[in-house]
Amino acid sequence: MIAFFFIIIYLGPMVLMIIVMCVQIKCFHEIITIGYNVYHSYDLPWFRTLSWYFLLCVNYFFYGETVTDYFFTLVQREEPLRILSKYHRFISFTLYLIGFCMFVLSLVKKHYRLQFYMFGWTHVTLLIVVTQSHLVIHNLFEGMIWFIVPISCVICNDIMAYMFGFFFGRTPLIKLSPKKTWEGFIGGFFATVVFGLLLSYVMSGYRCFVCPVEYNNDTNSFTVDCEPSDLFRLQEYNIPGVIQSVIGWKTVRMYPFQIHSIALSTFASLIGPFGGFFASGFKRAFKIKDFANTIPGHGGIMDRFDCQYLMATFVNVYIASFIRGPNPSKLIQQFLTLRPDQQLHIFNTLRSHLIDKGMLTSTTEDK
């Protein structure tokens with residue numbers, strides 16, 4: 001599995017996006033199948049058809065938003081894409097309403113409660129699986145490092161917690177997972193933080209990992225090339241006095257992203273496992289051992305990605321809160337699509353603002 005992970009990383013972000021979508025579809029299939037079997041929904045009309053239809057609608061909405069946001073230039077060049085982009089949310093809502101009406105028309109006597117159970121089951125599955133998997137793709141477009149490091153930290157924590165628990169585990173951690181121990185939990189935390197620091201140091205030196213995925217209008221292709229931001233440039237930091245007396249160093253050179261990696265690896269170690277505990281509780285509630293038998297010895301795909309989805313949500317929130325700022329190129333692209341009078345109004349407003357700030361003088365204005 002780790003070898004396969006390295007192969008798809010080598011194939012690039014577009015292949016990764018397709019893999020994420022395939023994993024999402026399989027996870028959705030596993031959970032829907034459990035509901036189908038547990039609630040004995042064999043006689044419900046249109047249940048499976050409607051479930052897959054709603055999956056299609058939600059994916060159309062999310063992927064349409066992503067294409068419009070990240071590949072605005074490409075969308076504006078093609079007339080069909082421009083129309084779809086302009087009315088995207090209306091089309092998405094219309095598609096959902098069709099499914100909603102189909103569900104109401106499919107209601108049959110003596111099955112009302114079960115049908116509404118399954119309607120809720122489908123929508124909760126969409127919320128947990130599809131929404132969070134879409135955030136994985138958002139993280140990927142910010143730079144492959146935001147995709148690889150969090151996923152690798154979760155994998156590392158899973159392995160190291162098992163190793164520490166196997167050799168040193170004595171104290172049970174949680175009743176939902178009797179084999180989990182405090183020794184494994186704590187040992188996995190420290191091992192994951194160190195691993196995150198080392199992996200971040202290696203990856204921060206390569207543009208192919210740190211640059212966002214962009215569409216190149218000149219070559220009609222997707223590119224991963226840029227001038228790395230300050231986040232991925234080596235800087236010198238002073239070491240606290242207490243630590244200086246131990247290691248004998250006064251300063252250390254590291255990438256600012258490595259500091260952020262501590263937050264990512266900490267979440268992967270302390271909060272990420274709760275995604276696995278949640279999945280364990282879910283399986284115990286319905287008296288099943290695995291979500292499916294897709295991967296021999298590992299259970300279903302959902303068994304491998306329960307922590308990853310929670311991690312992806314945290315990374316997306318972390319980027320939005322502490323990393324991402326306004327994107328000048330996107331603002332300019334949207335500015336150029338406005339009417340001339342609107343462009344002139346924005347230009348005059350911006351010029352007045354810069355003059356008030358003292359950044360633009362009358363001489364500069366005349367030029």
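Biologist: Which residues count as positive and which as negative in this predicted model?

Modeller: The model is predicted. In counting its charges, His and the chain ends are left out. Lys and Arg count as positive, and Asp and Glu count as negative.

Biologist: How far apart are the mean positions of the positive and negative charges of the chain?

Modeller: The chain carries 28 positive and 22 negative charges.

Biologist: What distance separates the centres of domain 1 and domain 2?

Modeller: The domain assignment places 1-44 + 108-325 in domain 1, and 327-366 in domain 2. Taken over C-alpha atoms, the centres of these domains are separated by 41 Å.

Biologist: Is K110 buried or exposed?

Modeller: K110 lies in the loop between α6 (88-106) and α7 (112-141). Its phi is positive, about 75°, although K110 is not a glycine. A residue counts as exposed when its relative accessible area is over 50%. Because K110 has a relative accessibility of 79%, it is exposed.

Biologist: Where is K287 placed in the chain?

Modeller: K287 is a residue other than glycine, yet its phi is positive, near 55°. With a relative accessible area of 76%, K287 is exposed. Its place is in the loop between α13 (273-285) and α14 (301-323).

Biologist: What percentage of the contacts in the chain with a separation of 6 or more comes from residues 24 or more positions apart?

Modeller: The chain has 17 helices and six strands. Among its contacts with a separation of 6 or more, the share from residues 24 or more positions apart is 68%.

Notes: Residues numbered from 1 in each chain as written. Predicted model: local features only at pLDDT ≥ 70, side-chain atom pairs only at ≥ 80, totals over all residues. Heavy atoms only, no water. Helix = DSSP H or I, 4+ residues; strand = E, 2+ residues; numbered from the N terminus. Contact = heavy atoms within 4.5 Å. Charge placed at Lys NZ, Arg CZ, Asp CG, Glu CD. Domains from an automatic or database assignment. Buried < 20%, exposed > 50% of the residue type's maximum accessible area, 1.4 Å probe, protein only.
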